[in-house]
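Please work through the following exercises with the sequence and the model side by side. Each task is followed by a solution that goes step by step.

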Amino acid sequence: MPDNQRTAPEAEEYLVAGSSSGGAGGVGNPVGESGTEYALQTQAVEPGGAADYADSDVAVQQLTQLELAWRRFRHHRIALVGATMLGIIILMAIFAPFLTRVAPDAPHLDWIDFQTGSTGPSLSNFPDRIMGVDTIGHSIWADVLYGGRISLMIGLGASLLAMTIGTSLGAISGYFGGWVDMLLQRFTDIMLSIPFLPLMIAISAIIIHDPVLHQNSGFIVTFIILAFGLLTWPGVARIVRSYYLTFREQEFTEAAKAVGVNDFRIIFRHILPNAVGPIIVLFTLNVASFIVLEATLDFLGLGIEFPPTPTWGNILTNAQDELLIGHWWWATFPGLMLLMTVLAINFMGDGLRDALDVRSKE
Amino acid sequence: MLTYTIRRLLIAIPIFLGITILLYFLVSITPDGGPLAAYVGPGKHLSPQQLGALKDKFGLDQPVPVRYFKWLSALVRGDLGNSTQSGIPVIQEMKDRLPATILLIGFSFIFQELMAIPLGIFSALRRYSLFDQVFTVINYVLYSLPTFWYGLMLIILFGVVIKVPDPANPGFTKGLLPFSGMVNLRVSPPFGSPDYSSYFAAHPFTALGDLAAHLVLPVVVLATVGVAADSRFMRASMLDVINMDYIRTARAKGLPQRIVIWKHAVRNAILPIVTNIGLQLPVLLGGAIVTEQIFSWPGMGSFYVRAAGTGDYPVVMAYTSLLAAATIIANLLTDLSYAFVDPRIRYS
């Protein structure tokens, strides 16, 4: 890393560039300003060691940190599998109305074979019966497609909220220190000692028993996103804080201070790009765990209810009793989708960790 | 060391108070009468008089801070209140459920570590081998399994699809493994009931076999995710250690690989795992909410879900505060154990 080149800090753009190549895994391109310096990071040898351009005729390639990260991600086979899987699942959820001809809560009693009692997978009425139907003839295929919307929305929404609050407060806490930091640390101690799932169960149970609200799926979705986000940001804040504690002592921060850059700008323009790697990885892992947690709440009957709104968790609640008479399809497919989604996100998280060069905290 | 411990304990008190305040207020922000809606059940409406009488009965007519201080002063006296559902003291209810939970969680911990530690070591020693790569992918799948779905799938496979002849009913078949409760209630009194100990004494082998059969599925479900997480952890820890200078020194001295690995490397690599297990100890008290629910295991977890579902807030408060306290203590013990096993660490 060309550390010694950073001794003459003339322009702020240059500092941002220098900070991005600081080795701690920033993806560069901070807030989209068009400074040429940082867009053209010079990197002779790729840290990941991939030899794909060893045979190119130029010895030195100019790549941004983003390009470097993408290059490493592209060569991570498991991560690509994960990204593809996730892409398909997201597309399935978005284009649900085009992939099925029925509404998820429309019963089709004629799809149940009352002679044999069978509701199992069938190729007739393709594709709506490929995953079978439930006891009153809901298409499980349609339920699974529409259920994905809820899972993905809650996972992404809640994780985004937790990241936004956690990153901002963690950054302020780590950068300024002092009583703000003290206060936030004690609050984080408190929040991290509270068992999350039991607490969510307790507060969801109260909402669920409200005679009006429990049928209002839109309200419950908003409630779960807010609750997940507001109760889990301290974990994010603690990790972001640890990066700010390190970076505020480094030369590029001191240099920025010396040329009179204000604190706000240092926090978000100079240090944040360096901490973006771990934040993205944390974001990904949070999405996966929120999706499972939300499905768990639904499964326990403390989340979104079906009817009216199917989710991967509440389909399984209804399917539980049918399992014992051998109707395996009802529980299998929604759970399989849940597993695929979480697996895809975890695969991607692994690839991102390597691509963004986030050191393992273990 | 002693002053450090005392200071940590003193810091723990305000943190615990903060937790209980936060929990109490979160449990209390509820629309209209709060837990009462859950108490009377969904969709039922009460007359204002009935609502007033109920509020009076549970002391809900007072403002939240007053109720909190009443709850806290009772807690200091060792009184966690009575369950609003059964009227029995919460402590008694918990004492009744704790043995079932400790049995389940204890066995799954043991099973989990017996699997995870050797797998992690083996995988680290053969890094980048076919075994390591296959193991890594399988681990991802196991780690991503949603517990409740995985439990249901095991139930359908081992409880419904795979059948064995039923010795009790000749000519009939039953599922290979039981998947509900702790004992076969057709022949045995419920686990923990006064009759159970005399039944156990009379037929020790039948009783043990029955209990063991009921343990298999929930233990496997609980241990699977743990194996995935802990074997990765063991692998990482082992990889750290085998690159250390003292391992190279041991090799340079000409020690056989067996001694280097088992005596020098594993003994050091296993320490983080031990402390990691320490951090998981609160689960021994809290139980496994989802797994206990699926397998109708009469432990703390399923008790809590039922209590929360019926708005039994003394139980909710007692359970969550207990878990929080256990978490704080486990953290402290873990930090202290670091100093105990690693003489380089000094707290002051």
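Two residues are in contact if their C-beta atoms, placed from the backbone, lie within 7 Å. The model is predicted, so local features need pLDDT of at least 70 and side-chain atom pairs count only at pLDDT 80 or more, while totals for chains, interfaces and linings use all residues. Residues are numbered from 1 along each chain as its sequence is written, and chains are lettered from A and ligands numbered from 1 in the order in which they are written.

**Exercise 1.** Describe the make-up of chain B and its contacts.

Solution. Begin with the elements: chain B has 16 helices and two strands, where helices (H or I, at least four residues) and strands (E, at least two) are DSSP runs numbered from the N terminus. Next, take the contacts in chain B with a separation of 6 or more, of which 71% are accounted for by residues 24 or more positions apart. Finally, the C-alpha trace of chain B spans about 85 × 70 × 40 Å along its principal axes.

**Exercise 2.** Work out which residue classes chain B brings to its contact with chain A.

Solution. The contact takes 45 residues from chain B and 39 residues from chain A. Among the elements that give two or more residues to the chain B side are helix H1 (2-28), helix H9 (204-242) and helix H16 (313-341) of chain B. That side divides into 34 nonpolar, 11 polar and no charged residues, with Ala, Val, Leu, Ile, Met, Phe, Trp, Tyr, Cys and Pro counted as nonpolar, Asp, Glu, Lys and Arg as charged, and the others, Gly among them, as polar.

**Exercise 3.** Determine how H11(A) and H13(A) are oriented to each other.

Solution. Helix H11 (residues 263-299) and helix H13 (residues 328-355) of chain A pack at an angle of about 165°, with their axes 8 Å apart; axes are lines fitted to C-alpha atoms over the stretch in contact, and angles run from 0 to 180 degrees between N-to-C directions. H11(A) and H13(A) are therefore roughly antiparallel, a term for angles over 145 degrees. The residues in contact include Ile280(A) and Ala288(A) of H11(A) and Val342(A) and Arg353(A) of H13(A). By class, this contact has 13 nonpolar, four polar and one charged residues.

**Exercise 4.** Decide where chain A calls for caution, using pLDDT.

Solution. pLDDT is the predictor's confidence in each residue, from 0 to 100. Chain A averages 78, and 80% of the residues score at least 70. Helix H6 (residues 140-176) of chain A has the highest mean among the elements of the chain (93), and helix H2 (residues 36-39) the lowest (34). Over residues 1-54 of chain A, pLDDT stays under 50. Where pLDDT is low, the predicted coordinates should not be read in detail.

Conventions:
Parallel < 35°, antiparallel > 145°, perpendicular 65-115°, else oblique.
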